[in-house]
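The following exercises concern the sequence and structure shown below.

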Amino acid sequence: MCFCKESFYCTVSLHISSSVLQLLLFWLKMVEITNDVQSLLLIMLAVMVAKMVGDFFSASLYSSLLRLKCIPYLDVEPFVHHRRERLNLELFSARDVMEPHVRVLHLRENIASLAWLLASTSHGGFPVVGRPKPDHAQVFQGTIKRLELCMLLENEHIFEPETSNESFSFSHPLTYEKITVEKLPKPSRLAVLLNRYTTDPRYQQLFINLEPYINKSAMSVQAHFSLQRTYIIFRTLGLRHLTVVDLQNRVVGVITRKDLMPLPLEERLRLQLSPQSPDAGE
């Protein structure tokens, strides 16, 4: 799902500072109404208690707006319960919540396959894999965003024919400013290009070198990494997706922001706990 980045950050900022602002506003209003400076501390205490009671029994206005707009905002601490008991996420790993069916790209990617992938999915980014040496397995190299791939496909002069080796020329790579955009300038033109790339047999013999354009500093965690610390990393760095790898650095899954939302997180952990429950055999 796409949403405006500026409005997302503004909503999150309002949500974080809402408690302090509301306390100050209520306190000032009560002081103005009573016009009693001597009861200043008592008024402040009454406002704080009323605010705490209200937050305990109902969600704040900004939290309700985040849910109504379907904005995947992560709380500071994940509250996941199973059978009325709060789960300790340190006892779970990233493997328990990741999506195992991952669409990966290669450093040398076929144009027709890439166009079909973009046309058939709505993912915001993809892990990129490659071989460190010819006889090695495909390992995680970095990530690339969907918008960047779309901008690359609009420049046919960087396409190259298939060669016997895996070497590519770096003579005319696109600049960072040219492929980094907030939104597509002409979405209708891209749809026409994707349709042509997937139907024209010529593009099945053409490839693109993604190595100059991938984010080689992209975060990744191992499959056995603590789920609690995965949540903290995801929220602290403001990630949208996180690649999960095995001990050999091969891609085994991906975690998105939606996977860490309270309801999906609780459902996936419930599936992990169901074989261990005492009622499983009944």
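Two strands pair if DSSP finds at least two bridges between them. Helices (H or I, at least four residues) and strands (E, at least two) are DSSP runs, numbered from the N terminus. This is a predicted model, in which local features need pLDDT of at least 70 and side-chain atom pairs count only at pLDDT 80 or more, while totals for chains, interfaces and linings use all residues. Residues are numbered from 1 along each chain as its sequence is written, and side-chain values use heavy atoms, with hydrogens and water left out.

**Exercise 1. Determine how many helices and strands the protein chain has, and what share of its residues is buried.**

Step 1. The protein chain holds nine helices and eleven strands.

Step 2. Of its 282 residues, 37% are buried; buried means under 20% relative accessible area, exposed over 50%, and partly exposed in between (1.4 Å probe, protein chains only).

Step 3. Contact means heavy atoms within 4.5 Å. Among contacts in the protein chain between residues at least 6 apart in sequence, 67% join residues at least 24 apart.

**Exercise 2. Describe the sheet that contains β5, and state which helix packs on it.**

Step 1. The strand order is β3-β5-β6 in an open sheet of three strands, and the pairing is mixed.

Step 2. The edges are formed by β3 (105–106) and β6 (139–145); each has a single partner strand, so one side of each lacks a neighbour in the sheet.

Step 3. Strand β5 (residues 125–130) pairs with β6 in the antiparallel sense over six bridges. Within this pairing, Phe 126 is opposite Ile 144 of β6.

Step 4. Helix α5 packs on the sheet and touches β3, β5 and β6, its direction making about 80° with that of β6. Axes are lines fitted to C-alpha atoms, for helices over the stretch in contact, and angles run from 0 to 180 degrees between N-to-C directions.

Step 5. Seven of the eight residues of α5 are buried, so this helix is largely enclosed by the rest of the structure. Among the buried residues are Arg 146, Glu 148 and Met 151.

**Exercise 3. Describe the sheet that contains β8, and locate α4 relative to it.**

Step 1. This open sheet has three strands in the order β4-β8-β7, with antiparallel pairing. Its edge strands, β4 (108–110) and β7 (160–161), each pair on one side only.

Step 2. Three bridges join β4 to strand β8 (residues 206–209) in the antiparallel sense. Glu 109 faces Ile 208 of β8 as its opposite residue, and Asn 110 stands opposite Phe 207.

Step 3. Two bridges join β7 and β8, again in the antiparallel sense. Here Pro 161 stands opposite Leu 206.

Step 4. Helix α4 lies across β4 and β8, and runs at about 70° to β4.

**Exercise 4. Characterise the packing of α4 against α5 and against α7.**

Step 1. Helix α4 (residues 111–120) packs with helix α5 (residues 146–153) at an angle of about 135°, the axes being 11 Å apart. That angle makes α4 oblique to α5; angles under 35 degrees count as roughly parallel, over 145 as roughly antiparallel, 65 to 115 as roughly perpendicular and the rest as oblique.

Step 2. From α4, Ile 111, Leu 114, Ala 115 and Leu 118 make the contact, and from α5, Arg 146, Leu 149, Cys 150 and Leu 153. By class, the contact of α4 with α5 has seven nonpolar, no polar and one charged residues. Ala, Val, Leu, Ile, Met, Phe, Trp, Tyr, Cys and Pro count as nonpolar, Asp, Glu, Lys and Arg as charged, and the others, Gly among them, as polar.

Step 3. The axes of α4 and α7 come within 8 Å and cross at roughly 135°; these two helices are therefore oblique to each other.

Step 4. Residues of α4, including Trp 116 and Ala 119, meet Leu 194, Tyr 197 and Thr 198 in α7. The contact of α4 with α7 comprises eight nonpolar, one polar and no charged residues.
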